[in-house]
Amino acid sequence: MRPLPATVYRENSFGPAPGQGLVNGLIIFIAICTILYAGAEILIPVALAILLSILLGPVVTGLQRIHLPRVLAVIMTVVMAGLIAAVVAGFVASAVTSLAADLPSYQYSLREKAHNLKSMTTGGGTLERAAGVLESLRKELDRPDQTRATPAAPEPVKPVPVQIQEPGGPFDSIAAILALLIHPLTQLGIVILMLTFILLYREDLRNRLIRLAGTGDIHRTTTAIDEAGKRLSRLFATQMTINAATGIFIGTALFMIGVPGAPLWGTLTLILRFVPYVGTLLAAIFPIIIAAAVGDGWTLALTTLGIMVVTETVVGQVLEPLFFGRSTGLSPVAVVVAAAFWTALWGPVGLVLSTPMTIVLLVVGRHIDALQFLEVLLGSKPVLTPDHAFYQRMLANDPVEAAENAESYEEEGSLDKYLAEVAVPGLLLAQNDKNRRVLSAEREVTVVSAYSELLQDLWPAADAEADAEAPVLVVAAHGALNFAAALSFSAFLRLKRVPHRLAPPETVQPGKFSEEMAKGVAIVCLCWLSAPSQAKYAYVERRIAGQLPAARVLGIAWRDSDGARAMLAPEHALALLPSQVPQSAAETPQSGTELSLATH
C-alpha cells in the first residue's frame, strides 16, 4: 500500500456552498411544477407524443435504412402503431362482449357464493335466525295495545307532482355519447398529430433544443438528450418484454385451469401492468371473480388467486428490480414518490407516465448544476463516497452496516485495499473534523470504538497465546485516532500473516510497559494516523527507548504531511519485520491482543 496523499478530505462534489444552489434549484423546481399543473391540458398530449416518438423512433430509422423516404417511413410507422392498438382494442372489446353474454348464467352462482361467504363471516344461519327471533320479539313488545289505543286520524294524502317532459329526439343518445367521447378523442387526435410531426422533424427539434440550452456547451446538452433517449428506450423495451411475458404466462395458466376468457385476462395483464401499483390489482380482480362464478366451490378461485400472487411476486420482486434498476437508474423510493407526485399533478395519466417523466428529471438533474439535487434524491447510485459513508457510520456508532459494505472487499480477498481506500481515509476525515474543532473527544472515542468493533467483525478474535511471544509490538501514539491507526496496522499485519502483539492505548506513558509485555520485544512499531512533527516524534521515541532500550523503533504513518518527520508507510515497514507465517498456516489470521479501546 502506498502512502495516502496529504489532502484526503474532499468537499462535496456539488460545491462548497450548496445553500444558494439548493435555493435556486427549489425555485426552478416549484416553477416547473406550477407550469406542469396549470398547463396539464396541453402538456399531457405533448408528453405522450414525445414518449411515443422515442419508442417509435428506432422503427422509423430502420425503415429509412431500407431506403424509404422519411415521410413514408413516418406514415407507415404511425399507421402500423395505430393498427396494432386498434387490433388489441378490438380483441379486448370482442372478448368482453362475449364474456358479458355469459354473465347472466354466472349470476346465480355468484349470489350463492356471496351468501355462503356472508354466512361464514357472520357466524352462520343459526345465529341469523336467532337474531331474527329476538328482533321480532322486540317489535312485539314495543307494539301499543290495540284495545286501548285511540285510532289515529289518517294522514292526508299528498298530491303527486306531475312534470311534463317532451320526448327526446332520435339523436339525443348519440349526442350524449359524443359529449363523453369528444374530450378523449380530441386529446388522442392531438397526440397522433404531434407524434407525426415530432417523428418528421425530430432532428430539427433536437437542434432547436440545443440552441435554447446554449451552444456554449453542446457536448453536455447532446449527452443529456442521448442519455434520456437511451434510458427511456431501454425502459420501454424492458417493460414491454416483462409485461408481455407476464401476460402470456397468466393467460396460459388460466386457460389450463379452465378459467373462461383466459386470453382476455392475459391481454389485460399486459396492458394494465403499465399502470404502476394499481394496474396489477385491476388485472387480477376480474379473473378471480369469474373463477369464483364458474367453479363448483372455491378451489378454482383460490387457484387463480395463487397464480396471480405468485406470478406478481416473482415479476415484481425479482425480475423488475433486476432489470429496471439497470435501465432506469431510479431508486425504489423515488419510483414510489414519483408515482404519487405525477398522479397529483396529472391524475391517472400522470400515474402511467410517472416513471418515464421521472427519468427525464433525473437526466436533467445530472446535467444541470442548479438541479443536481434531483439526481441526489432520485438516483440509485450511492451519493456518499465509501470513505464518507464509513465515517458517517462510525459517527452513528453503527459498525454493522459498515461491515456489510466491507463484504465486497472481503469476498474479493482485498481487505488491505479496504483499509487503504475506505477505513483510513474515513479516519482522516475524522481527524480533519478534530483539527477544525467540530469533533468532540467523546465522539472521537465513539468513532474509534465503532471501528474497533468493525475490525472484530472482519477478523474474529482468535487464541491470544499464538502471538504471545511475537517480537513485534504495535504501539499507538497518544490519541484515540492514533490508536485507530494502530488497529489498522495490526489488521494489515494479520492480513500479511505477520506475528505481532497490539499494545493497549497509552502504553507510551511512563511505566505502562509491563514486564510481560516487554518480554522478547525486538521491534516496536509506533503508529500515527498522520505523520507528526520531528519534535513530537522524538519525544515519544525517547519514552519508548527509556522503557525498551533493546528494541528498535519504527515510525509508521498512514499519511504524510508537509513539514512532518519522514516515516514509513505500512507496506514499507513490512519489509523490515520478521519473516511472515507461511501461507499454508491457519485460515484465520491470529492476533495477540483483542481489539479494544480505553477511554482517553
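This is a predicted model: local features need pLDDT of at least 70, side-chain atom pairs count only at pLDDT 80 or more; totals for chains, interfaces and linings use all residues.
Helices here are DSSP runs (H or I, at least four residues), numbered from the N terminus, as are strands (E, at least two).

Which residues of α16 and α17 make the contact? From α16 come Leu415, Tyr418, Leu419, Ala423, Leu427 and Lys434, and from α17 Glu444, Val447, Tyr451, Leu454, Leu455 and Leu458. Contact means heavy atoms within 4.5 Å. These residues divide into 10 nonpolar, no polar and 2 charged. In this scheme Ala, Val, Leu, Ile, Met, Phe, Trp, Tyr, Cys and Pro count as nonpolar, Asp, Glu, Lys and Arg as charged, and the others, Gly among them, as polar.

A word on how to read the model: residues are numbered from 1 along each chain as its sequence is written, and side-chain values use heavy atoms, with hydrogens and water left out. Local features need pLDDT of at least 70, side-chain atom pairs count only at pLDDT 80 or more, and totals for chains, interfaces and linings use all residues.

Now to the charged pairs. Side chains of opposite charge can pair when their charged atoms come close. The structure holds 11 salt bridges (a side-chain nitrogen of Lys or Arg within 4 Å of a carboxyl oxygen of Asp or Glu).

Lysine 496 lies in the loop between α18 (480-495) and β2 (501-502) and aspartate 416 in helix α16, so the pair ties together parts that are 80 residues apart in sequence. Lysine 496 is partly exposed at 27% relative accessibility, and aspartate 416 is partly exposed at 22%. Buried means under 20% relative accessible area, exposed over 50%, and partly exposed in between (1.4 Å probe, protein chains only).

In another salt bridge, arginine 393 meets glutamate 401 at 3.3 Å, N to O. Arginine 393 counts as buried because its relative accessibility is 15%, whereas glutamate 401, at 34%, is partly exposed.

Finally, Arg70, Arg202 and Glu203 are linked in a network of salt bridges. Within it, the closest N and O atoms of glutamate 203 and arginine 202 are 3.7 Å apart.
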